[in-house]
Every structure is written in C-alpha cells, then in structure tokens.
Amino acid sequence: MKIKLYLLTLAMAVTMTSACKKDDNQHSDDNSGSLSNAVTSIITKGSWRVSYYHENGDDHTPNFSNYLFMFGVNGSLIASNGAGTTLGTWSIDDSSNEFRIAIGTTSPLLDMNHGWLVVAKSNTELDLKDDSPSSHEELHFTKL
C-alpha cells in the first residue's frame with residue numbers, strides 16, 4: 001500500500017511539474033513582488049506537511065500526521081495519506097492577503113476549507129491564521 005501511495009504521489013508530482021510552462025505573454029499587471037507570486041514560488045516546490053494546527057487553544061496537529069500535501073502552480077492541491085488521496089484547490093488573494101484552501105468534505109481536511117491570512121513565509125515554512133477575528137485557528141505547513 002505504501003508503494004502504491006508513493007508511486008501515485010510521485011506520478012502526480014511529475015504531472016504537476018511537467019504541466020507547468022513559462023507564460024511568455026505575461027500580463028502587464030503582474031507584480032513580481034506580490035504575495036501571490038512570493039507564496040506560489042515557495043509552496044509549489046516539494047511536498048509539505050501540517051506542522052501546527054491549533055483551534056481555540058486546542059492542538060489538532062496530530063489529526064494531520066499522516067498527510068502529505070502538494071500544491072500545484074495551477075491551483076491544484078493534493079492531500080495524500082495511507083488511506084487515499086484527496087484533491088482540492090488553493091488560491092491567493094493579494095488584496096486581502098488571503099491564502100484560500102478548498103479540500104475534502106470530512107475532517108480533518110474539511111477544517112482547512114476557508115481563507116487564511118499569511119502570517120509568515122519562508123522557503124521551508126508557511127504560517128497561516130484564520131481570517132476571521134472571532135476564530136482562533138492557526139495552520140502551519142512545513143516543507144519536507
């Protein structure tokens with residue numbers, strides 16, 4: 001089963017990488033310094049795991065311990081665990097500083113389905129917090 005999951009994940013990674021090509025006709029409103037360009041250049045390289053997920057002071061990180069996440073440059077999102085693969089989407093809204101996730105219909109993935117404010121980013125970490133001031137959720141992805 002692990003070999004099948006590995007091969008499936010590898011095939012998806014190759015497909016996502018090979019489907020990407022440089023757009024020689026970039027729009028004049030593209031801003032290389034934008035949040036979306038900065039985060040996209042980080043999150044679409046490699047595989048990621050949830051290293052921290054807290055909601056209202058409760059640690060839910062262990063719920064994601066078996067998941068591996070891959071973010072495609074085309075906005076595709078793949079979450080894999082020992083039980084299977086779930087497909088979803090992600091996007092970034094520069095005007096609201098939001099990283100949006102839509103994946104899965106059951107927990108724990110369902111808990112990620114909304115807009116997140118980008119708190120910090122590096123080549124190995126993306127730290128997010130819920131965009132709703134009444135909610136106290138934080139989600140951190142760490143590159144593998």
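**View 1. Salt bridges in the predicted model.** A search of the whole structure of this predicted model finds two salt bridges. One pairs Asp93 with Arg100. The other pairs Arg100 with Glu98.

**View 2. Asp93 and Arg100 form a salt bridge.** Their closest N and O atoms are 3.0 Å apart. Arg100 has 35% relative accessibility, so Arg100 counts as partly exposed.

View 3. Glu98 counts as buried because its relative accessibility is 10%, and buried means under 20%. Asp93, Glu98 and Arg100 belong to one network, joined by salt bridges that share partners.

**View 4. The largest nonpolar core holds 26 residues.** Those with the most contacts inside this core include Phe69, Phe71, Phe99 and Phe141. Ile101, Met112 and Leu139 are also among them. Helix α2, residues 35-43, supplies the largest share of the core, with four residues.

**View 5. Close-up of Leu139, a residue of the largest nonpolar core.** Which residues does Leu139 touch, leaving aside those up to four places away in sequence? Val50, Tyr52 and Tyr53 are among them. Leu139 also touches Ile101, Met112 and Trp116. Leu126, Asp127 and Leu128 complete the list. Two of these partners, Ile101 and Met112, are themselves listed with the most contacts inside the core.

Technical notes. Residues are numbered from 1 along each chain as its sequence is written. This is a predicted model: local features need pLDDT of at least 70, side-chain atom pairs count only at pLDDT 80 or more; totals for chains, interfaces and linings use all residues. Side-chain values use heavy atoms; hydrogens and water are left out. A nonpolar core is a set of buried Ala, Val, Leu, Ile, Met, Phe, Trp, Tyr and Cys residues joined through side-chain atoms within 4.5 Å. Buried means under 20% relative accessible area, exposed over 50%, partly exposed in between (1.4 Å probe, protein chains only). Helices (H or I, at least four residues) and strands (E, at least two) are DSSP runs, numbered from the N terminus. Contact means heavy atoms within 4.5 Å. A salt bridge is a side-chain nitrogen of Lys or Arg within 4 Å of a carboxyl oxygen of Asp or Glu.
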